[in-house]
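Notebook open, structure loaded. I want to go through the charged pairs, then the cores, then a hairpin.

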Amino acid sequence: MVRWTFFGLVSVVVVAVAISTTVHWWQTPRDKHAIEQLIGPEHRYVEVDGHRMSVAVQGSGPRTIVLMPGLATPEPILGFAPLAERLAGQNTVVTVEPFGLGLSGGTDAPRTSEAIVDETRAALRELGLDGPYVLMPHSISGLYAMWWVTHHPDEVSAVVGLDDERFTADGAQSSPDWPTWMAGVNAVGGTRDLIALDESTDYLGLVADYRESLGGADEYTPEQQDLYLRAYSWVLNPTVLDEMAWNAENVQAAESFVFPPTLPALSILAASTLEVEPEWEPAHRAAVSNPAIQPVTIMGGHHYLFHAHAAAIAEMTQQFLDDHVLTQ
């Protein structure tokens with residue numbers, strides 16, 4: 001009886017995994033196609049180091065703004081959409097989906113700041129967009145923007161940070177949020193199953209942050225929100241998990257980075273982040289070398305503050321650029 005019960009349970013698990021895997025592999029390309037259709041003609045692919053990278057280009061203004069997403073952001077182009085649309089009125093706006101995110105492919109290259117920056121630079125060259133660029137990083141991309149500024153200063157005309165990361169002692173010692181075996185769970189549709197469960201129970205809190213921030217924004221249709229959250233089903237892939245594993249070393253590499261005194265840099269911090277990260281604001285102020293053109297401001301709202309506050313951020317950004325960055 002025990003033996004048959006054991007074999008029965010194993011059979012149930014095997015069948016469940018097979019069904020989950022089949023659904024995931026069938027549904028994922030359909031979700032990605034729906035996202036492509038929703039983004040529209042601004043979306044395209046470029047080849048970088050033999051892999052396909054997803055980007056969106058909007059507007060044709062004299063300044064090129066590069067939107068850089070946070071760690072494991074499910075679908076950056078949809079996430080940045082309201083902000084990008086507003087900025088594109090007077091600028092050329094490029095949203096880059098680094099390898100592992102959104103509709104981009106994966107890569108085996110180590111996820112160091114240097115590699116991610118070089119891949120982004122290569123994508124911009126493939127698009128025929130020359131610098132200097134206005135970098136607009138969110139969250140972990142602040143580390144990559146600081147690397148860019150430090151190692152390729154002639155390519156950057158300004159930085160506008162969206163609650164972006166700097167060196168902190170805590171970040172330099174942190175461990176990955178997800179174990180590497182999650183890539184296997186992700187590949188067989190486990191993440192998709194957990195999200196479906198979470199959307200009905202909210203027990204695990206996997207998508208609570210995204211649901212909260214998107215839900216506070218009137219500009220996201222139910223379809224956009226649904227596709228954005230469904231993109232989480234494939235984001236815990238080996239490329240993104242490797243980026244998580246490199247996070248502490250990338251933070252450590254940024255310890256001595258400060259903005260050049262001639263570089264305009266606006267840091268917009270989310271009040272909610274300051275409540276849980278005591279080093280966050282001091283770390284941003286430590287990177288300032290010229291307060292006259294490198295202000296730090298605090299905005300009430302979620303870490304993904306550009307979801308609900310796209311209009312205010314776009315207006316603030318445009319005024320800052322008009323005041324401090326000459327057009328070519």
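Predicted model: local features only at pLDDT ≥ 70, side-chain atom pairs only at ≥ 80, totals over all residues.

I count a salt bridge when a side-chain nitrogen of Lys or Arg sits within 4 Å of a carboxyl oxygen of Asp or Glu. By that rule I get 8 salt bridges here.

**Entry 1: charged pairs**

I started with Arg230, which pairs with Asp31, their closest N and O atoms being 2.5 Å apart. Arg230 belongs to helix H8 (residues 222-230) and Asp31 to helix H1 (residues 2-39), so this bridge ties together parts 199 residues apart in sequence. Are the two partners buried or exposed? I find Arg230 partly exposed at 26% relative accessible area, while Asp31 is buried at 1%.

Next I looked up Arg63 and Asp322, whose side chains meet in a salt bridge at 3.3 Å, N to O. Arg63 is in the loop between S2 and strand S3 (64-68), and Asp322 is in helix H14, so the pair links parts 259 residues apart in sequence. Arg63 is buried at 8% relative accessible area; the cut-off for buried is under 20%. Asp322 comes out partly exposed at 42%.

I then checked Arg166 with Asp164, a salt bridge at 2.7 Å, N to O. Here Arg166 is buried at 4%, and Asp164 is buried at 1%. I also noted a network: salt bridges with shared partners join Asp31, Asp226 and Arg230.

**Entry 2: cores**

Which residues touch the most other members of the largest nonpolar core? I get Met53, Leu135, Trp148 and Val159, out of 49 residues. Helix H4 (residues 141-151) gives the most to this core, with 7 residues. A second, separate core has 37 residues, including Phe80, Leu227, Met299 and Val325.

**Entry 3: Met316**

I found Met316 in helix H14 (residues 310-324). Met316 is partly exposed, with a relative accessible area of 28%. Beyond its neighbours within four places, Met316 contacts Leu266, Ile268, Thr297 and Met299. I also checked Val160: its C-alpha is 9.8 Å from that of Met316, though the two are 156 residues apart along the chain.

**Entry 4: hairpin**

Last, I looked at strands S1 (residues 43-48) and S2 (residues 51-58), which run antiparallel and are joined by 6 bridges. Across the pair, Glu47 stands opposite Arg52 in S2. The hairpin has 2 residues between its strands, and Asp49 takes a positive phi near 55°.

Note on methods. Residues numbered from 1 in each chain as written. Heavy atoms only, no water. Pairing = 2+ DSSP bridges. Helix = DSSP H or I, 4+ residues; strand = E, 2+ residues; numbered from the N terminus. Buried < 20%, exposed > 50% of the residue type's maximum accessible area, 1.4 Å probe, protein only. Contact = heavy atoms within 4.5 Å. Core = buried A, V, L, I, M, F, W, Y, C linked by side-chain atoms within 4.5 Å.
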